[in-house]
Amino acid sequence: MEKIVDNIGLYLKDPEKHEKFEYEEEKSQIVNNPKRKKYDYYICDYCKSEIKIEKDSSKMTGGIVNIPQTLSKTNRTVKLALCNKCVNPVIKQFEEKNMIEDNLKHIPYID
C-alpha cells in the first residue's frame, strides 16, 4: 500500500476514468478486430484495484472522495479515487501526518 500523503502533488488533478473493452471476435488482438466498450472504471489510488462505475451509485464499490483543504493542508481540495475499504486508512494517514506536524511545532529544538 502506498502512502498517499507523501506524494500528494500527484493527486491534485482529478482521477482518470478508464475504459474496459471486449473484443467481439476471438482472433488475434493485433489485427483491427471490432471491439465494444464493456464499462468505465477508476483505479483506486491506495490499493490499485478496479472500481467499476455503475449507473446506480449504491452498487459501486468505491468512487471519488474529496479530501478537504483542512485535512490535506494544501491550497485546494484533493480528489482521490478510493475503494470503500480504503477510505478510512487514507484519512488516518492524513490525520497522523497533521498530528505529527502540529506536535513538531510545539517542541523546542536546541542547536
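Two strands are taken to pair if DSSP finds at least two bridges between them, strands being DSSP runs (E, at least two residues) numbered from the N terminus. The model is predicted, and local features therefore need pLDDT of at least 70, side-chain atom pairs count only at pLDDT 80 or more, and totals for chains, interfaces and linings use all residues. Residues are numbered from 1 along each chain as its sequence is written, and side-chain values use heavy atoms, with hydrogens and water left out.

Strand E2 (residues 35-43) is joined to E3 by 3 bridges, and the two run antiparallel; isoleucine 43 has glutamate 50 of E3 as its bridge partner. These strands belong to an open sheet of 3 strands in the order E1-E2-E3, with antiparallel pairing. Strand E1 (18-23) and strand E3 (50-52) are the edge strands, each pairing on one side only.

A search of the whole structure finds 1 aromatic pair. Tyrosine 39 and tyrosine 41 form this pair, 6.2 Å centre to centre with 65 degrees between the planes, an edge-to-face arrangement (rings of Phe, Tyr and Trp, the last by its six-membered ring, pair if their centres lie within 6.5 Å; planes under 30 degrees apart count as stacked, over 60 as edge-to-face and the rest as tilted). Tyrosine 39 is buried at 17% relative accessibility, and tyrosine 41 is buried at 13%, where buried means under 20% relative accessible area, exposed over 50% and partly exposed in between (1.4 Å probe, protein chains only).

Lysine 52 lies over the face of tyrosine 39, at 4.7 Å from the ring centre, a charge being over a ring if NZ of Lys or CZ of Arg is within 6 Å of the ring centre and within 35 degrees of the ring normal. Lysine 35 lies over the face of phenylalanine 21, at 4.6 Å from the ring centre.

Terms used: Helix = DSSP H or I, 4+ residues; strand = E, 2+ residues; numbered from the N terminus.
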